[in-house]
Amino acid sequence: MITIDSLRAYGANVDEGLARCLNKEEFYLKMVNLGLADERFEKLAGILEAKDYDAAFEAVHALKGVIGNLALTPLYDPIEKMTELLRARTDTDYSALCAQIKEQRDKILEM
């Protein structure tokens, strides 16, 4: 089960995330679970494989907002990097960043 302490140990800026949720721990944890369940995580790799960079940008940019507001920093960092590459319409292999995003999300989901 995801807890405030486990998120702190993971490296999330829990105080910042809590502040955005009016310092209500139960609400914050609910938002973390909802954010991690976002279907765009599952769709992102396929969109990138199809080289639909506009759709990939839209998906990862939305994830950046959600995860950034929750202050899940280790997950946010590769999402932010991918967002900026896609914003610049960089034609590159995104598989390493996809793997980092999946790995960081899995770490939280395993709590």
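## Secondary structure and overall form

Seven helices and zero strands make up the secondary structure of this predicted chain, and from the N terminus the order of elements reads α-α-α-α-α-α-α. Helices here are DSSP runs of H or I with at least four residues, strands are runs of E with at least two, and both are numbered from the N terminus. The chain is as compact as a globular protein of its length, because its radius of gyration of 14 Å is close to the 13 Å that the globule rule gives for 111 residues. That radius is taken over C-alpha atoms, and the rule is 2.2 Å times the number of residues to the power 0.38.

Along the principal axes, the C-alpha trace spans about 40 × 25 × 20 Å. The chain exposes about 6,300 Å², of which carbon and sulfur atoms supply 51%; accessible areas come from the Shrake-Rupley method with a 1.4 Å probe, and for residues only the protein chains shown count as cover. Buried residues account for 40% of the 111, where buried means under 20% relative accessible area, exposed over 50%, and partly exposed in between (1.4 Å probe, protein chains only).

## How helix 4 meets helix 6

Let us turn to one helix pair. The axes of helix 4 (residues 40-49) and helix 6 (residues 73-87) come within 14 Å and cross at roughly 35°. Axes are lines fitted to C-alpha atoms, for helices over the stretch in contact, and angles run from 0 to 180 degrees between N-to-C directions.

From helix 4, Phe41, Leu44 and Leu48 meet Leu75, Ile79, Met82 and Leu86 of helix 6, with contact meaning heavy atoms within 4.5 Å. By class, this contact has seven nonpolar, no polar and no charged residues. Nonpolar covers Ala, Val, Leu, Ile, Met, Phe, Trp, Tyr, Cys and Pro; charged covers Asp, Glu, Lys and Arg; the others, Gly among them, are polar.

## Two residues to look at

His61 lies in helix 5 (residues 53-69) and is partly exposed, at 35% relative accessible area. Not counting residues up to four places away in sequence, His61 touches Thr83 and Arg87.

Gln104, in helix 7 (residues 95-109), is buried, with a relative accessible area of 13%. Leaving aside neighbours within four places in sequence, Gln104 is in contact with Tyr10, Pro74 and Leu75.

## Notes on the model

Residues are numbered from 1 along each chain as its sequence is written, and side-chain values use heavy atoms, with hydrogens and water left out. In this predicted model, local features need pLDDT of at least 70 and side-chain atom pairs count only at pLDDT 80 or more, while totals for chains, interfaces and linings use all residues.
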